[in-house]
Amino acid sequence: MRKTIMAVVLCALVVGIGAQANADDGFNAQLFWPALFGGNFIAVEDSQTLCPWGFGGGLIVNYADSLVVRDRGEDYEMGVLNSLLTTDVLVGLGTFSFLSVGADVPIHFYARGRTFEDLEQNADLSDLETNMTLGDVRAEIKARLLEQEKHWLGMALAPFATFPTGDETLLLGEGRITGGGNLILEHDFGLFNLGLNGGYQYRGDFQTLGTNLGDAWKAGAGISREFDSGLSFSVEYWGAWYDSGSTERLKSNPMELMGTLRYRFGKEGRGPRLIAGGGGGISEGVGSPSYRIVGGVDYYYCRPESTDGALMITIVDQDGQPLNADLTINGPIMAELNASYFEELKAPQGMYDISAALTGYQPVTTSGIVEVEEATEITITLQAIPTTLAIVVTDIHYGEMIETEIVVNAGQPGEQTLMLAQGELSQNWEPGSHTLSVSAKGHETKQIEIEVLPYQHNEVSVKLARVIVQIGKIFFDFNSDKIRPQSYVVLDDIVTQIDTLPPWRVIVIEGHCSDEGSDEYNLRLSNRRAASVRKYLISKGVDADKLESVGFGEGQPIASNETEEGREKNRRVEFKIDYIEIGISE
């Protein structure tokens, strides 16, 4: 209601100014007046106003040919303004959210035409005069009554006044103050935007050449469309209907049609705008041109109502899949959140540090700058932390890595065998509990249980003790400790193995029997056989202090004594490396 009352008061003031118009000779044939305050059209006005204390302006240049003719017929035509090059200097200011004020200063740089005196004398001049002059200055106030976003229909009143700064002798000035107003309607249909203008100008009378031109009714209509690329276009019509006593020499109803293209630079449509277009008159009314070409630039700055912008944060893995992560935001606002995407996180202008953390992923910290009324998009990519296992197998005595075979989870689903050519392995691993059977040539076999922890690098160190490996069985004569010659090759190989062992080792030679015979007899026999082997090894150069022999009789069978095959296995000699002397167990 407040806006409506103010608009009516402003219209009354302008009409009051226009009431000063009198019958002084003068007429402004400038039919094209660029729309103030930017907008969707070039000549038709839309219902939008500038934001509070927003400001700007433009330079719109147009060239029109045969703007006015004295008479037009099959055999006779006399031009009044055969060509006109005009630059309109536009300025605008937003005062309230619903009210803007502005002015248009037209400068006619090239006005090629006849003087008013020539018209009165009906002069038939072969050469037309070229002039440069200021046009009538137009001041306008636009008051928005309805917002299209809220009421479907946009509506505004635009009272205006013109001031006698132009040259009335060239039909480019009224020679007096005039006033009037326009009613503006607008609706956005989605596919295109429709604007409608209708108004009245109170200007007094102008009489010449048998024609009387008085006050004018004005109208305009246009459609426009703006694209996300910043490009827009419009097709517009405008015209005037003057109160006329006679139309013998000057037609009184000029009308014009024009198409324009505009391109706006800058982010989110906030930069300057280039304008180009063309069209022409669709009637013979005074001021209607044969054709018109328009070009120019305008820019209107809207001071932001707040210093807020927005953060849009996306969190994904290395494959681009969204993740829910813990976010820590440090900057003009501080926050700790858990989310994968913010459509609009309101954030004041400034620098922000954003940290994202998620179990199983490397944490990431990045930064971004939030600008006023802009959405800053930040994508955070989290790299998964692999679960890895490193296995190192070494000789317990020398510390050197040795070629190893590892059976993983033997007898279970997923069993696999790994070969460690250099005694070490590092690779991705399934988290959880695993059983490893670790073996190496000339060394013991170990069964170990490991727990592989997820999202980290796990390490396992295995130390294997050396063992004596028999390449065959050691045979004795029946019920005797005499070694059969066929066993010498086995014992000689054992001598070679002993020579490669560390100097602090002790070799224990164990004798075992089957259950045939008494326990006492078998114990004595096993002792004698073990001692016989020790004696042989000494004869081959092995240090006697590093050899021990012991018999166990039938007490440690490795097979059943119920069969001959089993009893044959139980009759054996074994070699054990003992490191107890230096505190090293097998």
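What follows is a tour of ring pairs, salt bridges and surface patches.

Keep in mind as we go that this is a predicted model. Let us begin with the aromatic rings, which form eleven pairs. One of them brings together Phe-32 and Trp-238, whose ring centres are 5.8 Å apart with 40° between the planes, a tilted arrangement. These two residues come from distant parts of the chain, 206 residues apart: Phe-32 sits in the loop between strands S1 and S2, while Trp-238 belongs to strand S13. Phe-32 counts as buried because its relative accessibility is 1%, and Trp-238 is buried as well, at 7%.

Another pair, Phe-96 and Phe-98, is stacked because the planes meet at 15°, under the limit of 30 degrees; the ring centres here are 5.6 Å apart. Phe-96 is partly exposed, with 41% relative accessible area, whereas Phe-98 is buried at 3%. Elsewhere, ring pairs join Phe-27, Phe-206 and Tyr-242 into a cluster.

Now for the charged side chains, where 22 salt bridges are counted. Glu-45 and Lys-142 form one of them, with 3.8 Å between the closest N and O atoms. Glu-45 lies in the loop between S1 and S2 and Lys-142 in strand S6, so this bridge spans 97 residues of the chain. Are these two partners buried or exposed? Both are buried: Glu-45 has a relative accessible area of 4%, and Lys-142 has 1%.

Strand S6 also holds Arg-138, which links to Asp-104 in strand S4, 34 residues away. Asp-104 is buried at 0% relative accessibility, and Arg-138 is buried at 7%.

Further along, Arg-466 meets Asp-395 at 2.7 Å between the closest N and O atoms. Arg-466 is in the loop between strand S30 and helix H4, and Asp-395 is in strand S24, 71 residues apart. Salt bridges with shared partners also build a network from Glu-516, Glu-564, Arg-567, Glu-568 and Arg-571.

Finally, look at the surface. A nonpolar patch there has about 670 Å² of accessible area, and its members include Leu-59, Phe-227, Tyr-263 and Phe-265. Phe-265 lies in the loop between strands S14 and S15 and is partly exposed at 38%. A negative patch is made by Asp-515, Asp-519, Glu-520 and Glu-562.

Methods. Residues are numbered from 1 along each chain as its sequence is written. This is a predicted model: local features need pLDDT of at least 70, side-chain atom pairs count only at pLDDT 80 or more; totals for chains, interfaces and linings use all residues. Side-chain values use heavy atoms; hydrogens and water are left out. Rings of Phe, Tyr and Trp (its six-membered ring) pair if their centres lie within 6.5 Å; planes under 30 degrees apart count as stacked, over 60 as edge-to-face and the rest as tilted. Helices (H or I, at least four residues) and strands (E, at least two) are DSSP runs, numbered from the N terminus. Buried means under 20% relative accessible area, exposed over 50%, partly exposed in between (1.4 Å probe, protein chains only). Patches are made of residues with over 30% relative accessible area and no salt bridge: like charges are joined within 9 Å, nonpolar side chains (Val, Leu, Ile, Met, Phe, Trp, Tyr) within 5 Å. Accessible areas come from the Shrake-Rupley method with a 1.4 Å probe; for residues, only the protein chains shown count as cover. A salt bridge is a side-chain nitrogen of Lys or Arg within 4 Å of a carboxyl oxygen of Asp or Glu. Lys and Arg count as positive and Asp and Glu as negative; His and the chain ends are not counted. The place of a charge is taken as NZ of Lys, CZ of Arg, CG of Asp or CD of Glu.
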